[in-house]
Amino acid sequence: MLDMCVLAVLNRGDSYGWQVIKDLGDVMEVSESTLYPVLRRLEAGNSVRTYEEPHNGRLRKYFHITNIGKQRLRDFQSEYGAIEKIYRFILDSIREGK
């Protein structure tokens, strides 16, 4: 799920690590030590690519969603019904087991 959230952030536009963490802040808490392995995994799977640009005298690493990453988001969208069914099953079980 975290991979999909990161791809969703990048689908809005290229970004860098700290900004991704900030953008995800409304839906989940993510630390740098959690985010960067996710970004490396997404890059290894060709879902994102990186590039660097100067910022305040330093190079900042940016992440860009690729067509493969966009396809993963579309695939997730088509699987959403199945995921929602699993969540409903779990929530119903919690309510019944009070």
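A search of the whole structure, which is a predicted model, finds four salt bridges. D3, R41 and R72 are linked in a network of such bridges, while the helix α4 contains the pair R88 and E84 as well as the pair D92 and R95.

**Salt bridges**

- D3 forms a salt bridge with R72, with the closest N and O atoms 3.8 Å apart, and the pair links distant parts of the chain, since D3 belongs to helix α1 and R72 to helix α4, 69 residues apart.
- D3 counts as buried because its relative accessibility is 13%, a value under the 20% cut-off, whereas R72 is partly exposed, with a relative accessible area of 29%.
- The side chains of R88 and E84 meet in a salt bridge at 3.6 Å, N to O, and these two residues of α4 are four residues apart, about one turn of the helix.
- R88 is partly exposed at 44% relative accessibility, and E84 is also partly exposed, with a relative accessible area of 32%.
- D92 and R95 are joined by a salt bridge of 2.9 Å, N to O, and they are separated by about one helical turn because they stand three residues apart in α4.
- D92 counts as partly exposed at 37% relative accessibility, as does R95, with a relative accessible area of 49%.

**Helix α4**

- α4 has 30 residues and spans 43 Å from its first C-alpha to its last, close to the 44 Å expected at 1.5 Å a residue, although the helix bends by about 50° at E79.
- G69, L73 and I83 are buried in α4, and the cover over the buried residues of this helix includes α1 (2-11) and β2.

**Loop residues**

- T66 is placed in the loop between β2 (58-65) and α4 (67-96), and T66 counts as buried because its relative accessibility is 17%, under the 20% cut-off.
- The side chain of T66 reaches the backbone oxygen of N46 at 2.5 Å, and, leaving aside residues up to four places away in sequence, T66 touches N46, S47, V48 and R49.
- N46 lies in the loop between α3 (32-44) and β1 (48-55), where N46 is partly exposed with a relative accessible area of 45%.
- Most residues other than glycine have a negative phi; N46, which is not a glycine, has a positive phi of about 65°.
- N56, found in the loop between β1 and β2, likewise is not a glycine and has a positive phi, of about 50°, and N56 is exposed, with a relative accessible area of 71%.

Methods
Residues numbered from 1 in each chain as written. Predicted model: local features only at pLDDT ≥ 70, side-chain atom pairs only at ≥ 80, totals over all residues. Heavy atoms only, no water. Buried < 20%, exposed > 50% of the residue type's maximum accessible area, 1.4 Å probe, protein only. Polar contact = N/O pair within 3.5 Å; in protein donor to acceptor, adjacent residues only side chain to side chain. Contact = heavy atoms within 4.5 Å. Expected span 1.5 Å × (residues − 1). Bend = angle between axes of the 7 residues up to and from the residue.
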